[in-house]
Amino acid sequence: MKVAVVGYPNVGKSSLINRLTGTRDAVVHERPGITRDRRELDCEWNGRQFKLIDTGGMDFEDDDPLAGSIRDQARAGLADAEVAVLVVDARAGVRPGDEEMADLLRRSPLPTIVAANKCDGLAEVSLATDFHRLGLGEPLAVSAAQGLGSGDLLDRIVQLLPEGDEQPEDDTVRLAVIGRPNVGKSSLVNRFLGEERVIVSEVAGTTRDPIDMPLLVDDRKLILVDTAGMRRQSKVADSVEYYTALRSQRAAERADVALVVCDATDGVTAQDLRIAELAMKAGCATAIVLNKWDLHEGDEDDLDHERARVAEKLRLRPRVLTASAKSGRHVSRLLTEAIALGDRMAGRIPTPELNRFLSETVQARQPPVGTRRGSGQHRLKLLYMTQTGERPPRFSIQVNSRSRVTRDYAYFLENRLRARYGMQGVPLIIDFVERGQRSGRRRARAA
C-alpha cells in the first residue's frame with residue numbers, strides 16, 4: 001500500500017513524512033526544491049503497514065528542465081499510489097500552485113486528503129478552513145514541527161487504504177548503487193529498471209535522497225537503492241550536501257551488496273577507493289563498476305591495470321567490471337554479479353568441503369613454526385574448519401596454538417578462501433580457536 005505526499009515546493013512535505021514515520025530519513029532544509037526524486041519510506045499505524053512516497057515540490061510555472069523532471073516524478077508517484085495527501089502551507093493561504101495541484105487531484109481517481117501544514121498552535125488551526133475551496137473535502141490542520149494533528153492524519157490515511165497489507169520479502173537482496181557525484185549512478189539505475197525512474201542531469205548532485213526501488217530479475221527480487229554522490233569531506237559545500245552524503249552512507253549500511261560506480265574516463269580514483277572501503281566496512285559485498293567504458297575506449301591492458309590497482313589497495317579484492325549505462329552494454333551482467341554476491345553473503349559451505357580446502361591449503365603452503373619456551377620449535381597445526389555464520393560469512397578453524405597464527409598466514413588463508421569460493425569483495429571473518437578453548441579467539445576480519 002502506498003500513499004503519495006504531494007504539494008507545492010517548500011510546504012513541508014518531507015518534514016511531515018519524517019513526523020509520520022518517526023524518522024529523519026527525508027532530507028529537510030529551508031531551501032525549496034531539496035527533494036527531487038520520489039522516494040518510498042515505511043510507515044506503520046494501528047497495525048497497518050504502508051509506504052509514504054515523498055515527492056518533489058510541483059511548480060507548474062517553472063520552465064526549468066529539472067523542475068519538469070520533478071513534476072514527472074511526482075505524477076509517477078501518484079500513479080503508483082492508492083491514496084494522495086496534498087500538503088499545503090496554512091500560513092500562506094491558498095496559492096495558485098495549490099489550486100493547480102487540487103485540479104490535478106480532482107481529476108484523479110485517488111482518494112485525497114488535504115493536510116494544512118504549519119499550524120503550530122491552536123490559534124492557527126482555523127487557518128485550515130481556507131482550503132475548503134480546493135474541493136477535496138475537509139482539510140486537516142497539522143504541524144510537522146510540533147506533531148499536532150499527525151495522529152488524525154494517519155487515522156484518515158488508514159481509513160482510505162484498501163484492505164490487505166504487503167508482506168515483507170525476507171529473501172530480497174538490497175543493492176546500493178554508490179559513488180562520486182556525476183559518475184552515472186542514476187543513469188545506471190534507470191537502465192536496470194528499463195524506465196526513467198530517477199532524475200538524470202548533467203548537474204552534479206541532482207540526487208539528494210537514497211531511493212528504494214523494487215526489481216525482479218529472473219524471479220529474483222532485488223531492491224535497488226540509488227544514492228547521492230559522495231565527495232571528499234573537505235569538498236562538501238553545505239549542510240544539504242553533508243546530510244545527503246550521510247544518508248548515502250546509511251543506505252550502504254542497510255544494503256547486502258554495493259556497486260561502486262566509477263567514471264571510466266577517470267579510472268578508479270582515490271575517492272572511489274575510499275567509498276569502496278566504506279561499503280565493505282559497513283558489511284556490504286562489493287563490486288567496482290567502470291561506467292562510461294564506451295567513452296573511455298579502453299583496452300584489456302587498461303582494465304588489467306585498474307584491477308591490479310584495486311587488488312593492491314583493497315584487501316577484500318572486489319571484482320572490477322565494465323559497463324555503459326548509456327548503451328546498455330554489460331548492464332545485465334552487473335545485476336547477475338550483484339545477485340551472486342548476495343548469494344555468497346547468505347550461503348553456507350559444507351564442512352567436509354571446507355576441510356578438504358583446509359588440507360589442500362596446508363599442502364600448498366605449510367603453516368609457520370613457532371617457539372615455545374622450554375620445548376623447542378613447534379609448527380602451527382590447522383585441525384578442523386567449519387562455517388559458523390552468514391551475512392557476512394564467518395568461519396572457525398581449530399588450531400593447536402593460537403599464538404602461532406601469524407597475520408601473514410591468516411591473510412594467505414583468507415585470500416585462498418576468496419579465490420576458491422568466488423568471494424572477491426565479500427566481507428568474511430575467520431576465527432582461530434585453540435583446541436579445548438571456547439573463548440579468546442583470534443580473528444582475521446575483512447575490513
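Strand S5 (residues 112-117) and strand S6 run parallel and are joined by 2 bridges. In this pairing, alanine 116 has alanine 141 of S6 as its bridge partner. The model is predicted: local features need pLDDT of at least 70, side-chain atom pairs count only at pLDDT 80 or more, and totals for chains, interfaces and linings use all residues. Residues are numbered from 1 along each chain as its sequence is written, and side-chain values use heavy atoms, without hydrogens and water.

Both strands belong to an open sheet of 6 strands with mixed pairing, in the order S2-S3-S1-S4-S5-S6. Its edge strands, S2 (39-45) and S6 (140-141), each pair on one side only. Strands are DSSP runs (E, at least two residues), as helices are (H or I, at least four), numbered from the N terminus; two strands pair if DSSP finds at least two bridges between them.

| Strand pair | Sense | Bridges |
|---|---|---|
| S1 and S3 | parallel | 4 bridges |
| S2 and S3 | antiparallel | 7 bridges |

Isoleucine 53 in S3 stands opposite alanine 4 and also opposite glutamate 40. S2 and S3 form a hairpin with 2 residues between them, and asparagine 46 in the turn has a positive phi of about 50°. In strand S3 (residues 48-54), 5 of 7 residues are buried, that is, under 20% relative accessible area (1.4 Å probe, protein chains only).

Elsewhere, aspartate 301 lies in helix H9 (residues 300-313). Aspartate 301 is exposed, with a relative accessible area of 59%, where exposed means over 50%.
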